[in-house]
Amino acid sequence: MSATVETAVRSQVETDAAIRNARPLRLITCGSVDDGKSTLIGRLLWDTKAVKEDQAAALKGQKSIQQNELGLPDFALLLDGLQAEREQGITIDVAYRYFSTDKRSFIVADTPGHEQYTRNMATGASTADLAVLLVDARAGLLEQTRRHATIASLMGIRQFVLAVNKIDLVDYDRSIFEHISTEFRQLALSLGVTNVTPIPVSALLGENVVHSGHQSMPWYSGPPLIEALELATQRTAQAVGFRLPVQRVSRPNESFRGYQGTVAGGSVKPGDSVVILPSGTVANVRQIVTFDLVRNAAVAGDAITLVLDRPVDVARGDMIASVDAAPVSGLAFDAKLVALSEDAIAPGKRYWLKSSSRRQRVRVEPQSVLDLKSGQWSEAESLPLNAIGKVHLAFDETAIFDPYEANRETGAFILIDPDTNNTVAGGMITAKSGRIDGIGSGAKDRVLISLPADIADELLASEAFATLRDQIEIRRVSAQEARSVLDPID
Ligand SMILES: Nc1nc2c(ncn2[C@@H]2O[C@H](COP(=O)(O)OP(=O)(O)OP(=O)(O)O)[C@@H](O)[C@H]2O)c(=O)[nH]1
């Protein structure tokens, strides 16, 4: 072997090994009832040999299990057979299944297709790298396809595979496949997704799932589903600064004080300067401790205790962040959300908003709702179950976020109804609101203005202000926070 060929082979082997060792690709499958989702997942597990031999033998041996024309078990029933595993756990809304090829491993979130399960779909989509959207070739795109594609895109998924299933039932008609693909590409484009791979599939017959469907569809030159998945990219590491939502302040003795939490973005090392929000106090990192050792650095996903170089006031729910790439704090934000409650999200109603380790009061004002048929936003005052809407969030106390596009942990939230304790919406922050800060002021109809403490005191002492006291409430903030209030992120 020549040196060049040898180098090329070695680099290929290394690349393959790197892919195998990389974190699994996470995907979500969505489709309407009966599009064939269970059959497709069953087929993927079967043909990649993810089904354990004993389960396979049991299924093959069961007379009662319907077999398809290939003499294999009904793949949808195969999934039902695996259902027992799911039921052993506590309530799992989303079942995760694992399979792999020699190139890559995968985790598929299996979520129910009914409209009332939109919430599960949103949960599965929030961690997925890619969405496989199923349509029945006979029916084409349905409203549910639009809903799922929209939620997947809102959850930050930027790669879609369109599986045009049951292609055998339309005589492998190329023009039907192409018509649906074109329509779907337009839908995806309107959602900002350009990476779309349409594949004609027969999940039942196993064509273009793991094995090629070339014999029935010589006109299709693209990859089968599994190859498209092997080639897919993962969501890249987020390019924002260090984020540590503080879950606990640890004080085992007088001489030690550490702040515990799971890093929600970026990285940190001893010596880094950090800011504590909402107070705006700045400090340096002295030490990073994990459960067993002192570390030189920590990255997103690590559970750590952070020790700072000076005594500072930090409480549960605060955020410790990079000084030079801090998140945004403020009293008003814009967001998109998916309404998950039978009770509509009503204007002015107060909810608990939970994000990272913070839980705070918020007033929600719906602005517009997405019409899933036309893809247009129209004005709306409330958001009924399953609606996707744009809202304005007004807080009583400073809230701290990143835009969801920049950080999926510190940019996502859920809303909890204080009366019922139900989760009523899942949402993502799009921007800090350009509106006047303080719509969320506890006192209705008063405007709340955040000012650096020295200016606030001066103003409060002035005679001129006395006449405005009923209309304006002044809130003292640090200089840093006052700056960010004046600095919208969009
Ligand atoms: N001919 C043909 N039938 C299919 C194909 N894929 C699925 N089916 C059939 O379509 C029916 C519905 O398939 P399922 O896999 O149960 O559909 P699903 O989308 O998972 O439905 P739910 O589990 O109810 O959400 C079953 O009778 C399958 O055998 C296909 O590619 N070709």
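Which residue is the bridge partner of F333 in β23? That would be K432. Before going further, note that this is a predicted model, where local features need pLDDT of at least 70, side-chain atom pairs count only at pLDDT 80 or more, and totals for chains, interfaces and linings use all residues. Residues are numbered from 1 along each chain as its sequence is written.

Let's start with strand β17, residues 328-339. Strands here are DSSP runs of E with at least two residues, helices are runs of H or I with at least four, and both are numbered from the N terminus. Two strands pair if DSSP finds at least two bridges between them. β17 pairs with β21 (residues 388-401) in the antiparallel sense, over 10 bridges, and A335 stands opposite V391 there. β17 also runs antiparallel to β23 (residues 423-432), joined by 7 bridges.

A residue is buried if 20 or more other C-beta atoms (placed from the backbone) lie within 10 Å of its own, exposed if 12 or fewer, and partly exposed in between. In β17, 12 of the 12 residues are buried, so the strand is largely enclosed by the rest of the structure.

Most residues other than glycine have a negative phi, and most peptide bonds are trans.

| Residue | Phi | C-beta neighbours within 10 Å |
|---|---|---|
| K166 | near 60° | 23, buried |
| D171 | about 55° | 10, exposed |

Elsewhere, a cis peptide bond joins L277 and P278, with omega about 10°. P278 lies in the loop between β11 (273-277) and β12 (281-289).
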